Amino acid sequence: MRIPEQVKRLAIVIGVLVALTLVARFVLIPRSLTSTSLHWSLTTQRESAKPVKFAGSTACQDCHDDIAAKKAKSFHRVLACEGCHAPSVKHAEDPSAAKPVIPRDRTTCARCHAYDPSRPTGFPQINLTTHNPLKSCSTCHNPHDPVPPKVPKECAACHAQIERTKAVSSHALLTCTTCHKAPERHKTAPRTALPSKPDSREFCATCHGQGRAGTPKEAPKVDIATHGARNLCWECHYPHLPEGRP
Amino acid sequence: MSLTKGADGLAELLGQVTGFIYPNEIEVHWSILIVVYPYVTGLVAGAFILASLVKVFRIKEVQPTYRLSLLTALAFLLIAPLPLLLHLSQPQRFYEILLTPNPTSAMAMFGFVYAWYLMGVLLLEIWFEYRRDLIELAQTSRFPLNWVYRVLSLYSKDTSEASLAFDRKATQVITIIGIPSAFLLHGYVGFIFGSVKANPWWGSVLMPIVFLMSAIVSGIALVILIYMVRAGVRGEPIDMPCLDRITSYLFYAVIVDFSLEALDFVHRLYQSEESVKILGSLITHKLFMSLWVVQILLGMFIPLGILVLAKACGFGAELRKLLYFTAVILIQIGIFATRWNVVIGGQLFSKSFRGLTTYKMEVMGIEGLLAALVLLALPFVVLYVLLKLLPTEGPRGKALSGATSTARTV
């Protein structure tokens with residue numbers, strides 16, 4: 001069968017396109033772009049060839065042992081020195097030649113302590129605009145041993161989000177200590193001295209149990225023996241914003 | 001709007017948030033350019049499906065729009081990747097997705113779907129359809145156009161009957177391959193959204209089908225619009241049997257499209273998954289205008305009513321033309337709103353299902369309104385050039401060449 005003239009011409013064009021693609025794929029592209037292991041090893045070589053900028057915390061400790069000892073017991077014990085003071089290998093090699101950065105502005109601390117709803121409740125967070133405007137953070141806080149200048153009196157100082165939620169709920173008039181017993185040490189060591197939480201259905205029944213003596217009359221009542229018997233109360237009801245309204 | 005603007009920018013955005021959203025949801029990352037992309041791609045698929053009616057289903061009334069549909073599809077297809085390129089931070093690296101393919105990423109496969117549709121289907125079909133015209137134009141045109149036509153025809157000279165018969169056969173085979181390819185191209189765009197299982201507004205198996213049907217609606221409406229405007233500008237009579245036939249197809253396509261979208265809606269409502277409340281407030285607050293008013297009322301019910309009126313009341317040709325013209329413009333606006341509601345709507349609610357954010361469109365920026373308008377106008381410029389270069393009537397004002405003879409023989 002005779003191949004039509006137009007097909008031959010198209011075949012040439014398509015052939016040229018395919019050839020160009022193959023040349024691009026197998027000649028122009030470096031092998032490191034297509035082979036994963038080669039790509040990784042080249043990346044490692046490239047990265048390890050870069051000059052070292054960080055001295056590392058051990059190098060800092062050799063001279064600044066007093067500050068290191070203080071920081072080791074503080075809330076900032078897991079932070080690296082150069083996280084705030086910038087890479088300082090030159091300073092470690094010749095302390096007189098280069099000085100590390102001492103951040104005195106309000107932006108460095110704000111990287112971790114500016115309010116952000118995604119941070120865990122209880123993590124110290126401030127509103128930069130209203131919290132002592134224009135004052136340097138280190139005026140009141142020692143970054144090597146940060147503690148609040150005043151021990152918080154109320155739970156809301158750290159648990160503001162829960163406090164705001166509770167304030168609009170039907171539990172607004174209950175104090176936090178109605179349900180949680182917080183040891184005094186919780187205020188200075190919040191992670192190690194944890195407050196208590198209710199652990200049984202009986203606890204909620206003291207206000208919400210049907211037929212109990214001394215329950216507040218505006219609290220909704222349920223038969224504690226039958227109402228959702230298999231579950232704990234807070235598996236269905238959020239105690240800081242319970243849905244029941246008097 | 002970028003969060004790199006710092007605390008002030010963040011504070012400005014926070015004011016527009018209702019309820020609770022995660023911090024990374026405050027910025028709408030897929031802007032109006034990503035709305036333009038499925039809209040333009042849909043027009044390509046729809047215009048091609050209309051063209052296939054002539055070749056595969058042999059509907060001869062639609063013949064006057066055959067070449068126009070093909071060139072419209074090409075003009076819009078050439079512009080379709082531009083919104084994506086402008087959206088990229090490093091557009092100059094786009095070719096890397098072609099050279100180092102990643103078959104497990106649907107987005108990365110777009111380059112191949114696009115390249116196949118452009119080079120494997122559309123350009124081939126147009127070349128076979130126009131080959132005879134190109135040879136004749138190369139002989140009759142003056143310098144330098146004659147050289148352009150010579151190169152475009154790949155220096156082909158054979159206009160024997162056997163060779164023309166081969167062209168006709170080839171166009172038909174390519175169209176048959178082209179229909180599933182057009183479905184693939186736009187079904188793929190729907191798939192990109194439908195496969196996001198973390199987003200209840202997008203994640204639906206119906207999404208590719210709904211996209212496809214709305215693509216057919218918008219493509220047919222666009223070809224009608226261009227056909228009518230072009231005839232008006234050139235002072236040519238409009239082929240009313242052709243227009244009546246295409247608008248009938250448009251009418252059925254709108255009904256199927258509406259049924260599918262209604263099915264999707266009812267399905268979500270009946271399933272009533274945990275996202276139903278936030279989606280409810282999404283469509284009653286943030287998307288009220290663009291969904292209920294523009295997409296459903298202006299873009300679907302009113303054009304349907306107009307088309308029923310035009311078909312049932314036996315109006316004269318002039319009034320019918322006016323009614324069709326109004327309907328296709330409303331349908332275009334409606335389909336653009338459909339794309340807007342999918343792309344922007346899907347980013348306005350939090351994955352926590354507890355809050356909504358707002359999309360504030362830039363005007364001047366690279367992802368702004370002006371850029372989008374330019375991108376929407378560009379295909380018409382390309383189409384103008386294509387129509388100047390490749391006349392739909394064939395050389396020397398003759399009636400359509402190969403295609404007509406095929407249609408007339410059936």
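# A tour of chains A and B

Select chain B: of its contacts with a separation of 6 or more, 79% are between residues 24 or more positions apart. Two residues are in contact here if their C-beta atoms, placed from the backbone, lie within 7 Å. What you have open is a predicted model, where local features need pLDDT of at least 70 and side-chain atom pairs count only at pLDDT 80 or more, while totals for chains, interfaces and linings use all residues. Residues are numbered from 1 along each chain as its sequence is written, and chains are lettered from A and ligands numbered from 1 in the order in which they are written.

**Stop 1: chain B as a whole**

Switch to cartoon view and you'll find 15 helices and two strands in chain B. Helices (H or I, at least four residues) and strands (E, at least two) are DSSP runs, numbered from the N terminus. For 410 residues a compact globule would have a radius of gyration near 22 Å, and the 23 Å of chain B agrees with that. The radius is taken over C-alpha atoms, and the globule rule is 2.2 Å times the number of residues to the power 0.38.

How much of chain B is buried? Buried residues make up 38% of its 410 residues. A residue is buried if 20 or more other C-beta atoms lie within 10 Å of its own, exposed if 12 or fewer, and partly exposed in between, with C-beta atoms placed from the backbone.

**Stop 2: the core**

Now select Val44(B), Ala73(B), Val217(B), Ile220(B) and Ile224(B), the residues with the most contacts inside the largest nonpolar core, which has 102 residues. Helix 2 of chain B (residues 32–55) gives this core its largest share, 18 residues. Such a core is a set of buried Ala, Val, Leu, Ile, Met, Phe, Trp, Tyr and Cys residues joined through C-beta atoms within 7 Å.

Zoom in on Ile224(B): leaving out residues up to four places away in sequence, Ile224(B) touches Leu243(B), Ile246(B), Thr247(B), Leu250(B), Tyr324(B) and Val328(B).

**Stop 3: Ile333(B)**

Next, pick helix 13 of chain B (residues 317–343) and find Ile333(B) in it. Ile333(B) counts as partly exposed because it has 14 C-beta neighbours inside 10 Å. Leaving out residues up to four places away in sequence, Ile333(B) touches Val294(B), Leu298(B) and Gly299(B).

**Stop 4: where the chains meet**

Which chains give residues to the contact, and how many? Eleven residues come from chain B and 14 residues from chain A.

**Stop 5: chain A**

Chain A has ten helices and zero strands. Its radius of gyration is 32 Å, well over the 18 Å that the globule rule gives for 246 residues, so chain A is more spread out than a compact globule. The C-alpha atoms fill a box of roughly 100 × 75 × 35 Å along the principal axes, and 7% of the 246 residues of chain A count as buried.

Select residues 5–28 for helix 1 of chain A: one of its 24 residues is buried, so the helix lies largely in the open.

Finally, colour domain 1 (57–150) and domain 2 (154–186 + 196–246) of chain A; domain bounds come from an automatic or database domain assignment. The C-alpha centres of these two domains lie 39 Å apart.
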